[in-house]
Amino acid sequence: MGSANQKLLRASSIVALGTIVSRITGLFRNLIVVAVLGSALLGDTFNVANQMPNIIYNLIIGGSLTAVFVPQIVRALSRKQDQDKYLSSLVTLIIGSMALLTILSELLAPLLVRIFAASFVGHPEFRITLLFMRLCLPQLFFLTIYALLGQIANAQGKFAAMAWAPVINNLILILGFLLFKGVGKFNISNISDNEIFYLGLITTAGYLGQAFILLPTLWKDGIGIKPGIDFKNSELRKSFGLAGWTLIYAAISQISFLVVQNIATHAAEQSSKNGITTGVGITPYNNAFLIFILPQSVFVLSLTTALLPHISNLIHQNKLKETEREIQLTFKRAATVIIPSTVFLICFGVKIAQVLFLGIPLDSSKFIGLVLVGFAIGLPAYSYYTLGLRILNAFENVKLQVKGNLYMNILGTALALITLLFIPSEKETIGLAVVLSISYFYGCWFTFNQLKKFSIKISIKKILKFNYRSLIISLLAGIPALFMNWLIDKYLPITREFKGLISVGVCGVIFALIYIYLANVIRLGEVPNLSRLVIARLRKRESR
């Protein structure tokens, strides 16, 4: 048991480190994009186009890889004599299908722009979005290669390659955009086709590098993947039978996102007509979301990436009690980080956005911060919901996920349409962030209840009690941090930009130190043990 926990924590640490670097470079990547294209309409054209490969990927295959194929791959790898045949069929079928889908998507690109950015039709931004989209759609093919090869590596317990590959993607785009001689000077009316071509090509080149950096990992492990499909393979037929449910799941999510994206682009278009130059559309929504998911990506996603193959093995061995203990422990570990992150983002979301997006007008960066606060409300629910989905994935049950996702997205879509009717266009995107948070609370509750059907008894009362304790000390840590922020704003005689940077840094350190101290006082989860381990290692280094 102890050995399994150590392996899980070690694997989670590897993923976490890669994820931290990936998210930091990813955040810098988005800052560069905003610096070049802004957060208003031109930025929206790029974001609508650049999201399309991910939308199609998630709709067709993304959910299947984690929900269906990872448990199947784990089982195939346990039978060495069959693994190459199954994996060859799986890779050939998926990559071949996605190559054809990429070509079809290029042909349907004008229709996709009309569907996902209806407000752009008849305006200059429609043509720019279409040009960007034609250049970005090949990402679909490279994203499939990356995800499929990465999941095969994860199933073998090799987590580093998939966690670190996105760093290559981010660095390629960052370097390409930094070399681009046009920071801050472009808008809808003056960007040329050659400049669009360069930016789109660099963006897609990042996905090419991200995909093919994984090949050496498979060659090193001696997995022999050859072109060919064995249609008689029962495991392959089972995989694609289950994958049909993930397609329904993804379709439900994308319909909801379609509503959100059209509301956000409508908000940008209407605000522009009303003379508002602040970015209020899909670009601030996306950038705020990327900051919002940092705690979940760095910690919770790291845990779940390592947890899924581990739990899949426990379930295959029918060790349900051990599975239950692992799940309960994982939820507590997640709460230790997620609750204080939520409080800090709510308190300092606007300040964080203003520091990160210094290159854009103050009103635009402030708006991104307000959207971030709207998202932050739902960070615990979002984190626990994704954890619950990974556990259902391990049981290879997608039907329940589809049911929960349907209810969650009906709620979210209905609330999103209410924002369109009753909230002014310049505030609609903030409302959309709050709506997403509310829908995740429902999704979290539904998913927890479904786990009971697999004889997994998660004590919601214990989890809530743990979260409550973490929330109380987070609020206590937030009070002196906010007071310090007030002192810095009022009395520090420096420019606004440096004042914001110092405030976020100093207040962040104060918040973290007080939270860790109080967590040790009340013996919250594994914080005391981790604190003692860190102190012991620091003393050992000093004694050398």
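**Reading helix packing**

Modeller: Let us start with a crossing: helix α18 passes helix α19 in a right-handed crossing. Please keep in mind that this is a predicted model.

Biologist: How is such a packed pair described in general, and at what angle do α18 and α19 pack?

Modeller: Two packed helices are described by the angle between their axes and by the distance between those axes. Here α18, residues 460-491, and α19, residues 496-521, pack at about 150 degrees, and their axes are 8 Å apart. Since angles over 145 degrees count as roughly antiparallel, α18 is roughly antiparallel to α19.

Biologist: Which residues of α18 and α19 meet?

Modeller: From α18 the contact includes I473, L476, A477, P480, M484 and I488. From α19 it includes I502, V506, I510, F511, I514 and L518. By class, the contact of α18 with α19 has 16 nonpolar, 5 polar and 2 charged residues.

Biologist: How do the axes of α13 and α18 cross?

Modeller: Helix α13 spans residues 320-356, and its axis comes within 9 Å of that of α18, with a crossing angle of roughly 25 degrees. Angles under 35 degrees count as roughly parallel, and α13 and α18 are therefore roughly parallel to each other. The crossing of α13 and α18 is right-handed.

Biologist: Which residues form the contact between α13 and α18?

Modeller: Among those from α13 are F331, A335, I339, V343, F348 and K351. They belong to a contact whose α18 side includes F466, L471, L475, L482, N485 and D489. This contact of α13 with α18 divides into 13 nonpolar, 6 polar and 4 charged residues. D489 also belongs to the α18 residues that meet α19.

**Reading salt bridges**

Biologist: How many salt bridges are counted?

Modeller: The criterion is a side-chain nitrogen of Lys or Arg within 4 Å of a carboxyl oxygen of Asp or Glu. By this rule the count comes to 2 salt bridges. In one of them the side chains of D489 and K351 meet, at 3.0 Å from N to O. D489 lies in α18 and K351 in α13, so the pair ties together parts that are 138 residues apart in sequence.

Biologist: Are D489 and K351 buried, partly exposed or exposed?

Modeller: D489 is partly exposed, with a relative accessible area of 33%. K351 is buried, at 15% relative accessible area.

Biologist: Which parts does the salt bridge of D193 and R127 tie together?

Modeller: The side chains of D193 and R127 meet at 2.9 Å, N to O. D193 is in helix α8, residues 193-212, and R127 is in helix α5, residues 124-136, so the pair ties together parts 66 residues apart in sequence. D193 counts as partly exposed at 40% relative accessibility, and R127 is partly exposed at 42%.

**Reading the backbone and the whole chain**

Biologist: Which residue has a positive phi although it is not a glycine?

Modeller: R523 has a phi of about 55 degrees. R523 sits in the loop between α19 and α20, the latter being residues 527-543. With a relative accessible area of 54%, R523 is exposed.

Biologist: How many helices and strands does the chain have?

Modeller: The chain has 20 helices and 0 strands. Of its 544 residues, 56% count as buried. Among contacts with a separation of 6 or more, 84% join residues 24 or more positions apart.

Notes
Residues numbered from 1 in each chain as written. Predicted model: local features only at pLDDT ≥ 70, side-chain atom pairs only at ≥ 80, totals over all residues. Heavy atoms only, no water. Axes fitted to C-alpha atoms, helices over the stretch in contact; angles between N-to-C directions. Helix = DSSP H or I, 4+ residues; strand = E, 2+ residues; numbered from the N terminus. Parallel < 35°, antiparallel > 145°, perpendicular 65-115°, else oblique. Left-handed = near helix turned anticlockwise from the far one by under 90°. Contact = heavy atoms within 4.5 Å. Nonpolar A, V, L, I, M, F, W, Y, C, P; charged D, E, K, R; others polar. Buried < 20%, exposed > 50% of the residue type's maximum accessible area, 1.4 Å probe, protein only.
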